[in-house]
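Subject: Structure for your files

Hello,

Here is the structure I said I would pass on. My notes on it follow below.

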Amino acid sequence: MPRQKQGKRKTKGVPLPIVSILQKFLKTYEKHCVQTQTSVCPAIKRDLKASINHERILRKFVLVRPDDSPPGILPISLEPLLVTVRDECYMLGREICIWGFQLSNPEIARLALLLESKGHTPCPFTTLELIDCKMDPWSLGRLGQALHLSSLHVLVLDYCKFTHEEIESIFSGLENNQRLQRLSLRYCGLGPQNGPRLGSIVCHSAIRELHLSGNYLQCSGALGLLRPLAEYAEMQGKDQLVTSSPDARNPPQLLQAIQRGSSTLNQITESSRAVTVKTTSGKKRKKGIKKKIKDLIETGPWLVKLYLADNGIDGKGKEGENDLLEFTQILTCLIKYSAHLKEIDLGNNVLGEKAAVDLLEALRARKTGKLPVLKITVTPQISSDTFRSIWKNSKKSSITHKKKKKVCFWLSMPVSSIHQGALLKTEYEYHISIWILFPWTTRCAWKNIACTIIIFFTVTKPLSSS
């Protein structure tokens, strides 16, 4: 028995031969490029060689289309890289980023098969970035099917322009996704009609970070996104008020704008509870199930980070100021009661002074309710006083910082000087004490130290007089 334990310890302590693994990976990648009559991606080759030279694991693969390529050069393809990952069983990669490509159907099919990989050789990647890429409807539909079965935690589709039908293929793969935590759809051409669909996806998935900057949701689209989140947040806030203060008979009432979707919220809450009960019961029954559900996150209608900058959220839509007023009511409700929300970006949206004042009051109410500090970004096209107040109320307090030890240095030195008057000549001895106080932590950098200097200046005695 002791020998077996020692053997296990040795196998655990043996380092991976990462240099030979990456060298073989590069050789296989170059071979597949020759077979498919495509060029080796310079970025992939550079990153592989850099990792080999530094003897470190390559976690992120970046496939970039060159800006200026001669006409006689073979094109760069995604397929040789994916085939190499499969053939070499490279399980050390975590991110795959593809920038600026026109992706063909075979490439998307190969990518979908990799994302759907299960069993002994599952897909190692947890982050997929397709930035400024073009795909036809078939490719988007196939990608949506793969997202439903994938183990991705982060999906970035920035600068990929989608029509309403095309983005629906992606949305269908995100429904009831209990693994994806971050979704980025910046500058994708989303409109007001996509807001309610996004809200439904967030409510029934594990998405906690949503990046939607640079679209055109307007007030109506943002309303469709935030309404179920605000309704759930206020319901949770009311429950906490009732449990914490039994004498409080008049809790905040739901806004009329939020009451429209109460039945939907009940279904959402029941489904999220059902997922939680199933997960916990599964852990109690069998230990083997823990491996399957370890990446699952509890679903529910809440977000931690929301980015809505530059989305045309103003009073210039079809319904004008009414839409903006309703959006402000929903947003302030979310700010007041959501304990999950930590950051929201509303930059480059002309909300106006009245909406900004309402946001400020919501931030103060949030602070009174002792909820976590919310970092909020608004356009500076409001009065300076309101902007400054919003910034102060969304700023973290210094009281939450850990206490720092104070280290003191003491330095004293005698100094002599001669004071000469008309009839008196006296030499005095001065004593200068310098105290330097500054915070000290184990991780502090010298360039960031703020110190306090205290100087004591005393006259000790006269040395001589005449």
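**Strands and sheet**

Strand β8 (residues 343-345) pairs with β9 in the parallel sense, over three bridges. Helices (H or I, at least four residues) and strands (E, at least two) are DSSP runs, numbered from the N terminus, and two strands pair if DSSP finds at least two bridges between them. Asp 345 has Thr 377 in β9 as its bridge partner.

Before the rest, a word on the source: this is a predicted model, in which local features need pLDDT of at least 70 and side-chain atom pairs count only at pLDDT 80 or more, while totals for chains, interfaces and linings use all residues. Residues are numbered from 1 along each chain as its sequence is written, and side-chain values use heavy atoms, with hydrogens and water left out.

The pair belongs to an open sheet of nine strands with parallel pairing, in the order β1-β2-β3-β4-β5-β6-β7-β8-β9. At the edges are β1 (60-64) and β9 (375-377), each of which pairs on one side only.

**Aromatic rings**

There are six aromatic pairs, counting rings of Phe, Tyr and Trp (its six-membered ring) whose centres lie within 6.5 Å; planes under 30 degrees apart are stacked, over 60 edge-to-face and the rest tilted. Phe 61 and Tyr 90 have ring centres 5.8 Å apart and planes at 80°, so this pair is edge-to-face. Phe 61 lies in strand β1 and Tyr 90 in the loop between α4 (79-87) and β2 (95-99), so the pair ties together parts 29 residues apart in sequence. Both Phe 61 and Tyr 90 are buried (under 20% relative accessible area; exposed is over 50% and partly exposed in between, with a 1.4 Å probe and protein chains only). Ring pairs join Phe 61 and Tyr 90 with Phe 25 and Phe 125 in a cluster.

**Nonpolar core**

The largest nonpolar core has 97 residues, of which Leu 185 and Phe 327 touch the most other members. Such a core is a set of buried Ala, Val, Leu, Ile, Met, Phe, Trp, Tyr and Cys residues joined through side-chain atoms within 4.5 Å. Neighbours within four places in sequence aside, Phe 327 is in contact (heavy atoms within 4.5 Å) with Cys 219, Ala 222, Leu 223, Leu 226, Ile 313, Leu 346 and Leu 351.

**Cysteines**

How many disulfides are there? The count is zero, taking a disulfide as a pair of cysteine sulfur atoms within 2.5 Å. For Cys 33, the closest cysteine sulfur is that of Cys 41, 8.8 Å away and too far for a bond. Cys 33 is buried, at 1% relative accessible area, whereas Cys 89 is partly exposed at 44%.

Regards
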